[in-house]
Amino acid sequence: MSKKGKDKEQPLRIEPGTKVRLKDFDPDYHSNPYPDDPKLVNQLAKDLKRMAELQERLYAEHKRSLLIVLQAMDAGGKDGTIKHVMSGLNPQSCRVASFKKPAGLEAERDFLWRIHRVTPAQGEIVIFNRSHYEDVLVARVHGLAPKSVWKGRYKHINNFEEELVDSGTQILKFFLYISKEEQRDRFQQRLDDQQKHWKLSLADFAERGRWDYYMEAFEDALAHCSTPWAPWYVIPANRKWFRNYAVARTIVEKLEEMDPKFPPTTVDISKIVLT
Ligand code: ATP
Ligand code: MG
């Protein structure tokens, strides 16, 4: 893993079994190994187009699916990523599932119950806006579960995700990493802009005070749960254009690797005569 400032290259993918120190990552990162800004914008447009083509094939093939997990601190850009990166997708086979504090039936069951109910069906792409990782993040930082319980969840998460992958669901997990200063600037912009006031919540400011505890919780989640079957990516997210570019690129690479195929026709085309 490259160190901040030491050399320019910053791999996004967390190698399974490695310790993670977020201080080694630069949330402002946007240079090598990627080309310059205008080219990236071009690449993003191409990737969005390609993503739509591959999505259609995935849907037509109707055998496998893709799950995209988004986690971030408040104002980290989950909504913006969904808006920009998913704008080219066909809503027919794409869905967003958002997870708030568990309530009602959800709160009465194991933490994966509400998650498993909304995983992608064959042919679908599903984006998780927050996810089962909240149960090792906010649950840990707020002491909603004792240590013995949240610690055990890393194993449950890995097993759960492995079972999904074995059943044909590929998984990509993105931690949109902004700096504490960037969060401050984004909160200030929201305070200054009346049209953004609806996005403000007192809880967000309180969570900001727990920043370091969240970073520790993220580091452990990334280290324990970046697996060969469901890797974590730390996306430098201070610059929105780079964030969108990096997320789209990674999704397209995954879909290319999956290489979904149109199924063979079920009819003998030569026998069809249009009248
Ligand atoms: P936005 O603010 O952009 O609308 P959001 O995802 O921040 O989106 P909120 O309603 O502000 O939505 O916050 C959801 C809250 O639910 C977060 O504080 C999150 O930590 C909390 N939450 C999600 N999952 C769990 C969980 N398993 N246990 C406890 N709290 C959770
Ligand atoms: Mg919020």
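Predicted model: local features only at pLDDT ≥ 70, side-chain atom pairs only at ≥ 80, totals over all residues.
Local features need pLDDT of at least 70, side-chain atom pairs count only at pLDDT 80 or more, and totals for linings use all residues.

Student: Into how many nonpolar, polar and charged residues does the shell around ligand 1 divide?
Tutor: The shell consists of residues with a heavy atom within 4 Å of the ligand. 13 residues surround ligand 1, and Asp-79, Lys-100, Arg-130, Glu-134 and Asp-135 are the closest. Counting Asp, Glu, Lys and Arg as charged, the division is 4 nonpolar, no polar and 9 charged.

Student: Which residue has a polar backbone atom 3.2 Å from an oxygen atom of ligand 1?
Tutor: A polar contact is a pair of N or O atoms within 3.5 Å. Polar side-chain atoms of Arg-114 and Asp-135 each lie 3.1 Å from a nitrogen atom of ligand 1. The backbone atom 3.2 Å from a ligand oxygen belongs to Lys-101.

Student: Is Glu-124 buried or exposed?
Tutor: Glu-124 is in the loop between helix H3 (113-116) and strand S3 (125-129), where helices are DSSP runs (H or I) of at least four residues and strands (E) of at least two. Buried means under 20% relative accessible area and exposed over 50%, with a 1.4 Å probe and protein chains only. Because its relative accessibility is 16%, Glu-124 counts as buried.

Student: Which side chain does a polar contact of 3.0 Å join to that of Glu-124?
Tutor: Within protein, one atom of a polar contact must be able to donate a hydrogen and the other to accept it. At 3.0 Å, the partner of the Glu-124 side chain is that of Arg-95.

Definitions and conventions. Residues numbered from 1 in each chain as written. Chains lettered and ligands numbered in written order. Heavy atoms only, no water.
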